[in-house]
Amino acid sequence: MVEKILISHFNGIWLYLEKEILSEDRIYYNILAKYNYSEAVYSFDSELVSGKLPKKQEMMVKAWIYMREEEIRAALHVWNEDGDILKINGLR
């Protein structure tokens with residue numbers, strides 16, 4: 001089962017926190033990025049897990065993950081604890 005919530009968007013890029021539940025003790029968290037008809041999944045360390053974005057958008061997503069790592073982890077914590085959604089600013 002995969003759950004996702006929208007946490008940010010900028011320059012036509014939509015970013016989601018994604019939780020993939022394989023079993024009680026196997027839960028994976030990633031960031032899903034969508035741009036036009038492309039999508040890619042990244043780890044919290046900005047490593048590409050699957051999919052593909054255009055090069056320019058991929059560089060923006062990786063920069064966003066790097067710059068917002070603490071906020072991403074805080075949003076994940078709030079989502080897991082309260083079910084609430086914290087929005088995170090895009091790149092400026």
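Which backbone oxygen lies 2.7 Å from a polar atom of the side chain of S8?

1. The model is predicted: local features need pLDDT of at least 70, side-chain atom pairs count only at pLDDT 80 or more, and totals for chains, interfaces and linings use all residues. Residues are numbered from 1 along each chain as its sequence is written, and side-chain values use heavy atoms, without hydrogens and water.

2. The oxygen in question belongs to I88. S8 lies in strand β1 (strands are DSSP runs of E, at least two residues; helices are runs of H or I, at least four; both are numbered from the N terminus). S8 counts as buried because its relative accessibility is 3%, the limit being under 20% with a 1.4 Å probe, protein chains only.

3. Leaving aside neighbours within four places in sequence, the contacts of S8 (heavy atoms within 4.5 Å) include W14, W64 and I88. S8 and W64 stand 56 residues apart in sequence, with 9.9 Å between their C-alpha atoms.

4. β1 and β2 run antiparallel and are joined by eight bridges; strands pair if DSSP finds at least two bridges between them. H9 has W14 as its bridge partner in β2. Ten bridges link β2 and β3, also antiparallel, and Y16 is partnered by L32 in β3.

Methods: Buried means under 20% relative accessible area, exposed over 50%, partly exposed in between (1.4 Å probe, protein chains only). A polar contact is a pair of N or O atoms within 3.5 Å; within protein, one must be able to donate a hydrogen and the other to accept it, and residues adjacent in sequence count only if both atoms are side-chain atoms.
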